Amino acid sequence: MICEHFRYSPLSFLSFSSPPSTRYHLYIPSSSSSSFSVSCSLMENQETHNNQGRSKFMDFPFVSSAQKNLMVDLVSTLENRFHTQLLPCTLPSDVQYYQSQTATAQASLHIRAAHNDSPIDFVLGSWVHSELPTGGSLDITSLSAYLNSSTDAPNFVFEMIRSSPTMLLLILDLPPRKDLVLWPDDLKTFYEDTQLDKHRQTLERVPEVQPYFSSSLYIRTVSSPTAIMVRVLTENGGVERMEEIIRDHLDPISKQVLGIWLDHCACAKREVGEAERAYLKKRDGLITNKTIEIDLGSSFPRLFGPEVANRVLEAIKEYFTV
């Protein structure tokens, strides 16, 4: 999400879903062994490129050990659950990792689409590191998973925004993809029966944790009623207390919420009629286009410069636009 407090996040936490335009197709020519060798060489180069991009993403080089451990565990859990359904990341190398001309801002982006028979549309992970003009740095780590129109279940969104060693924002939500007033059964199935709200209540009992209220009414509108949006301040306890809170509170709660999403949303069998599919596609598309327009389009050029921003945005639009 692009929090108006920071305006630097690489991607919005809003709910997207659209079929990506790129898929792998293996072509083996039968008439030319030399062509086959070239194809094999290209595939090997692509595999090396993908491994390097993933390694860069999973490194999370600028965050604390507690935050890195949490991110690695979340990404690994999600990918292991759907490992046979996910395709390799096919983003260009200069999109998987990019930086500003002055190198004051760096970022890694990792997107994996899924096979057509999977309920997963794609999984997106990213990190951003930016040196602040006032000193210090802004570090953002995020993981999102988006479902396609074969299911009406919510998406998964996790984002941690740290603007100082003692201040952090956590966004953790299963954004609904249908109007919960018009579809009250979804409210019961995905939010009430799973007791999602107890995790927010538990976290807000920690003294240093405060509710965070976005000034954007649009963001409030598309989030779920059980969304965890909190600010953590540890000025008195310092960095050690922040690490303790991440390790002992944010880590287990984030993993529990991901587990709920995996078991009760992503892997749940849902009957979705044609009319509902059309509704989901339209709603997801509207939110996607709005996000790119007001969030990414304004923050990327400011952070990375117009040339880098355009390159990254064009690659993202292949997944996010309908």
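**Pairing, burial and charge in a predicted model**

Mentor: Leu 168 is the bridge partner in E6 of Arg 162. The model is predicted, and local features need pLDDT of at least 70, side-chain atom pairs count only at pLDDT 80 or more, while totals for chains, interfaces and linings use all residues. Residues are numbered from 1 along each chain as its sequence is written, and side-chain values use heavy atoms, with hydrogens and water left out.

Trainee: How many bridges join E4 to E5?

Mentor: Seven bridges join these antiparallel strands. Met 160 in E5, for instance, is the bridge partner of Thr 141.

Trainee: In what order do the eight strands form the open sheet, and which are the edge strands?

Mentor: The order is E1-E2-E3-E4-E5-E6-E8-E7, with antiparallel pairing. Strand E1 (97-99) and strand E7 (209-211) are the edge strands, since each pairs on one side only. Neighbouring strands are turned by 15 degrees against each other on average, direction ignored. Angles run from 0 to 180 degrees between N-to-C directions, and axes are lines fitted to C-alpha atoms, for helices over the stretch in contact.

Trainee: Which strands does helix H7 lie across?

Mentor: H7 lies across E3, E4, E5, E6 and strand E8 (228-233), running at about 165 degrees to E5. Helix H2 (residues 65-81) lies across strand E2 (105-113), strand E3 (120-131), strand E4 (137-147) and E5, at about 15 degrees to E4.

Trainee: What makes Lys 255 and Asp 73 a salt bridge?

Mentor: A salt bridge is a side-chain nitrogen of Lys or Arg within 4 Å of a carboxyl oxygen of Asp or Glu. The N to O distance here is 2.8 Å, so the pair qualifies. It links distant parts of the chain, Lys 255 in helix H7 and Asp 73 in helix H2, 182 residues apart. Side chains of opposite charge can pair when their charged atoms come close. The whole structure has 21 salt bridges.

Trainee: Are Lys 178 and Asp 152 buried or exposed?

Mentor: Buried means under 20% relative accessible area, exposed over 50%, and partly exposed in between (1.4 Å probe, protein chains only). Lys 178, at 3%, counts as buried, and so does Asp 152, at 3%. By contrast, Lys 255 at 32% is partly exposed, as is Asp 73 at 31%.

Trainee: What joins the side chains of Lys 178 and Asp 152?

Mentor: They meet in a salt bridge at 2.9 Å, N to O. Lys 178 lies in the loop between E6 and H4 and Asp 152 in the loop between E4 and E5, so the pair ties together parts that are 26 residues apart in sequence. Lys 188 also forms a salt bridge, with Asp 193, the closest N and O atoms being 3.1 Å apart. Lys 188, at 43%, is partly exposed, and Asp 193, at 46%, is partly exposed. Salt bridges that share partners join Asp 152, Lys 178, Asp 186, Arg 270 and Glu 276 into one network.

Trainee: Which residues of helix H4 are buried, and why are they placed on the same side of H4?

Mentor: In H4 (residues 184-192), Asp 186, Phe 190 and Tyr 191 are buried. They cover an arc of only 80 degrees around the axis, which puts them on the same side of H4; the arc is that of the directions from the helix axis to the C-beta atoms. The buried residues of H4 pack against helix H7 (238-266), where contact means heavy atoms within 4.5 Å.

Trainee: Which residues touch the most other members of the largest nonpolar core?

Mentor: A nonpolar core is a set of buried Ala, Val, Leu, Ile, Met, Phe, Trp, Tyr and Cys residues joined through side-chain atoms within 4.5 Å. In the largest, of 49 residues, they are Phe 156, Phe 158, Leu 170 and Trp 261. H7 gives the most to this core, with twelve residues. Leaving aside neighbours within four places in sequence, the contacts of Leu 170 include Phe 158, Leu 203, Val 230 and Leu 250. A second, separate core of 36 residues includes Ala 105, Phe 122, Ile 171 and Tyr 319.

Trainee: How many residues of E5 are buried?

Mentor: Eight of its nine residues are buried, and E5 is thus mostly covered.

How values were computed. Helices (H or I, at least four residues) and strands (E, at least two) are DSSP runs, numbered from the N terminus. Two strands pair if DSSP finds at least two bridges between them.
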